Amino acid sequence: MTSTTAKALRALALLSVPLLLAPTAGAAVCPDLAAIGTGVDVSQCTSRATGSSCSVPCVPGYQGTTATYTCSLVNAQPTWTGTPPSCSLIPVPGGGVVNQVPQSSFLVGSACNGYNPASVNWNAVHNAFITYFGRSGTISPNTVNISFARVASLSVRVAFHDAGAYSSGVGGADGSAMLSQTEQQWDGNRVPFPFLPYVRAALTTVVPTYGISWADGVVMAGVAGTHFMGGNINFTVTLGRCDNSATNPPVLPGSGLTYQQAAVYWNSVGISLVDAAALLGSHSTIVAPAGDPPNWSNELFVAQMSGGLTIKNASATFGPAGVQWTNGHGRVWKYTVNDAYNAPSLLNPSCTPAPSACPFLSQFLSATQQFASSNSQWNVAYGQAYDRMTRIGAQWAPSPVSKTFPINPPNY
């Protein structure tokens, strides 16, 4: 995340809380407020002088009234005083309480030795996700109310966020996006709203029922989500991942990366530039809560090649505040700032006057042009890239299996 983005997010956060009292000159200082309960966010109460106040709200996924703490002198010692808020998990209609991280029966280590993916009916798992995404009505584990169909597009995104949180042999496709409370708080998992609980609600209905790992559940939700949105892709994926409840490295790309910065990240997680280009195409499914239904198509590449993506505000993560699609098809939350930065019209100037500044640019642009001209070629490339992506950092049960999920399997 850029410093400008961070400043903007902090400014927005302050707008939603009561005005804080300013410290007085020369006052004693209270230390950082210690944890005071489950679901309570004390991050705003850092070292402050006596006479200062801070807000103590509930963390995302919990509900309750925001409290105010004041740094006061108690027995001549600077001390935080206040009554902690009572924060409770927000229930999901029809899906149980899913903001609380679940437990896994197949964690990395000896427990995963009991996981036998060969005994799982993976077609039934796939169909269970399809059925979930096709539910009527809406779901709202947090403050945003969305359709179940929208969860299909979010599931594709979570598959990348789970696997892509990898650095120096640590992390990867291990289900930690579902099992780590810390990862739920990452900025990349909170834009345009905290979305992990929505996908966790889907997995909660499938993972325990079929006795699979959460890591494999994330992968299968991404496969089924793509098919549900109309992706004509024959996926072949390996299944049998062990879970990890430890927090993965926070290395997911922030908004506004230049091509060179993005290339460094992709290389660090073992994703080629062609695979990266294919995976970026899934951003065409990002839509607003009240927007058009998610649809799988190569329209992002078409917009990039036409020069139709322009940056309006590099500090914003999503359009229209950050990205404007100028070829007449703009819709809310359609693309990310990174998508615009990766458009050829902006990539080429960033690599002049010396092409050596972007040594692999021609490869990336060639793939983008190819996917813009042929949706079917993109689908083939995406399916292959998805399998490689969901292997990043994976640790496996003793007998993993390879399964193919065709475009039109039975019981869809």
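This is a predicted model: local features need pLDDT of at least 70, side-chain atom pairs count only at pLDDT 80 or more; totals for chains, interfaces and linings use all residues.
View 1. Numbering starts from 1 along each chain as its sequence is written, and side-chain values use heavy atoms, with hydrogens and water left out. The axes of α10 (residues 273-280) and α14 (residues 361-373) come within 9 Å and cross at roughly 40°. Here L273, V274, A277, A278 and L280 from α10 meet Q363, F364, A367, T368 and F371 from α14.

**View 2. Helix α8 is mostly covered.** Of its 15 residues, 14 are buried (under 20% relative accessible area, 1.4 Å probe, protein chains only). Spanning residues 214-228, α8 reaches 20 Å from first C-alpha to last, close to the 21 Å expected at 1.5 Å a residue (1.5 Å times one less than the number of residues). Just after α8 comes G230, with a positive phi of about 105°.

**View 3. W122 and F129 have the most contacts inside the largest nonpolar core.** That core has 89 residues (buried Ala, Val, Leu, Ile, Met, Phe, Trp, Tyr and Cys joined through side-chain atoms within 4.5 Å). Helix α3 (residues 148-163) gives the most to it, 8 residues. Neighbours within four places in sequence aside, W122 is in contact (heavy atoms within 4.5 Å) with residues including Y115, I212, D216, M220 and F405.

How values were computed
Helices (H or I, at least four residues) and strands (E, at least two) are DSSP runs, numbered from the N terminus. Buried means under 20% relative accessible area, exposed over 50%, partly exposed in between (1.4 Å probe, protein chains only). Axes are lines fitted to C-alpha atoms, for helices over the stretch in contact, and angles run from 0 to 180 degrees between N-to-C directions.
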